[in-house]
Amino acid sequence: MKKVVILGAGLSGISTAYFLQDFDWVESVTLLEKESRPGGLCRTIEKDGYLYDIGPHILFSKDKEMLELMLSVLEEKNDLKRSNKILYKQRQVQYPFENDLSKLPEEDLKYCINAFNHNPYEDYEATNMIQFFLKTFGEGITNCYLRPYNEKIWKYDPAFMNTSMVDRIPKPTQEEIRRSAAGETVDGYLHQLYFSYPTTGGIESVPNGFLRKLRPQKCHVYTEKAVTGVRKNDDGYSIQVEDGSTYEADLVISTMPVQALTEAFSGVPDDIHKCVDGLRYNSIAISFVRTPYDLCGENYAFMIPDRNVIFHRISKMDFLGSAYHHGNEATYMVEVTYRKNDKVDAMSDEEFRSKICRGMVDIGFAHNEEDVSILDITKYEYAYVIYDLNHSANMEKIRNYYRTQGVVLNGRFGNFEYWNMDRILRESFELSKRLNEFA
Ligand SMILES: Cc1cc2nc3c(=O)[nH]c(=O)nc-3n(C[C@H](O)[C@H](O)[C@H](O)COP(=O)(O)OP(=O)(O)OC[C@H]3O[C@@H](n4cnc5c(N)ncnc54)[C@H](O)[C@@H]3O)c2cc1C
């Protein structure tokens, strides 16, 4: 019989407990969570009677088994059809950009189709993100949209990012591009065209649904337990928490960011510290914004490649169902990525707020800055894994090290992979099967 301790109670920690609880060799599963509430990135914030998530979260997947499981824990869901746009030079282009080219100004339209049809980069092997865009979409689509948008969201030169994120993107056919240029809006990225969202309670209803399914005899979730020390000893592991409490474990599964684990773990060699320091990631600031009217229409998310607007994406909570809608006004999640010590991080709160209000006017969602109320701002340090060119080599060494220590890494930042909720569930499921085989 084994005592399992899981570090971190985001969706990854919770779903790992959910899958492990059925095995007889598991005596207990203890989850230690730093924050006052479980859920991690899937928490929903309540402010003045409104709900918003830490960035737009929707439920979709090609992995039908995990999607079904995720939806099965919800009490009720709304089924919705994507209506996402790109704001390009004061025009609304339907997402994905390459499928709605006729909305572009004449000159940009010609640039995009000609460069796609006569693409000198087509036959090269793409070894970084920008090469992938040039090879797949041509110079026009890359320079008009993909380059500026990706530079904005990643705040990292795409020439220094590998192709892990993008090489699953399908190449549009010449036929599709021709139809899109001739005026037909073609639906793309079909796997996320239809999606679901909890009818009430925001995206946090998903981790909450799994929490309800944990058996109290076996699973114990403790909040306000920031893990500060993990020591391997002869019988297993001893885990220290900031409040002075200690937990003993036969098996440790870490879903907290690998940076936090490495700080806490005793005896990590310098070369592993160096690899962990080399991992790149973005933090996110979500401004929850209200306008007394709705100038956005029946749409959900807008991508904004314009470098003069501080945010890269804005999404309307109201689109997701009546529980998220108040009268004639509109409420939005406005996303700005940043990294420690960059220019966004260095901005005063006042300057940051003023740029959000300015941006709302510039994109045409507010008549003037006075109409924009920023109701709340939530910052989350670990939001996006950046697949920089050293990511794979760094993570291989880090994973090997923790394998030799018997510590299992799981989760978006625990294992440092760009995983969405469906993939998190899949990984937790497969992990529990592997652990069961070796038990
Ligand atoms: C802006 C944005 C939009 C997204 N949209 C979607 C979407 O539309 N659809 C989708 O499927 N996925 C989406 N995702 C991805 C989804 O949020 C993640 O896949 C999922 O939440 C990751 O869960 P996790 O448990 O691995 O990580 P986290 O949620 O980060 O959980 C890690 C937990 O560890 C805890 N922790 C940290 N340090 C310590 C410590 N020292 N001691 C104890 N605990 C600690 C944290 O508090 C946290 O609760 C989105 C992500 C972002 C950032």
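The sulfur of cysteine 144 lies 4.0 Å from the closest cysteine sulfur, that of cysteine 112, and this is too far for a bond. A disulfide is defined as a pair of cysteine sulfur atoms within 2.5 Å. The sulfur of cysteine 357 is likewise too far for a bond, because its closest cysteine sulfur, in cysteine 296, is 17 Å away. The structure holds zero disulfides.

This is a predicted model, in which local features need pLDDT of at least 70 and side-chain atom pairs count only at pLDDT 80 or more, while totals for chains, interfaces and linings use all residues. Residues are numbered from 1 along each chain as its sequence is written, and side-chain values use heavy atoms, with hydrogens and water left out.

Cysteine 144 has 10% relative accessibility and counts as buried. The term buried means under 20% relative accessible area, exposed means over 50%, and partly exposed lies in between (1.4 Å probe, protein chains only). Cysteine 357 is buried as well, at 11%.

The ligand is the next feature to examine. There are 33 residues around the ligand, and Glu33, Leu41, His57, Ile58 and Trp419 come nearest; a residue is near a molecule if one of its heavy atoms lies within 4 Å of it. The shell divides into 18 nonpolar, nine polar and six charged residues. Here Ala, Val, Leu, Ile, Met, Phe, Trp, Tyr, Cys and Pro count as nonpolar, Asp, Glu, Lys and Arg as charged, and the others, Gly among them, as polar.

Helix H1 (11-20), strand S18 (373-386) and helix H12 (421-438) each supply at least two residues of this shell, and the largest share, three residues, comes from S18. Helices (H or I, at least four residues) and strands (E, at least two) are DSSP runs, numbered from the N terminus.

A polar backbone atom of serine 12 is 2.9 Å from a ligand oxygen, and one of tryptophan 419 is 2.7 Å from a ligand oxygen.

Serine 61 lies in the loop between strand S4 (50-53) and helix H2 (64-72). Serine 61 is buried, with a relative accessible area of 2%. Its side chain reaches the backbone nitrogen of aspartate 63 at 2.8 Å. A polar contact of 2.5 Å joins the side chains of serine 61 and aspartate 422. A polar contact is a pair of N or O atoms within 3.5 Å; within protein, one must be able to donate a hydrogen and the other to accept it, and residues adjacent in sequence count only if both atoms are side-chain atoms.
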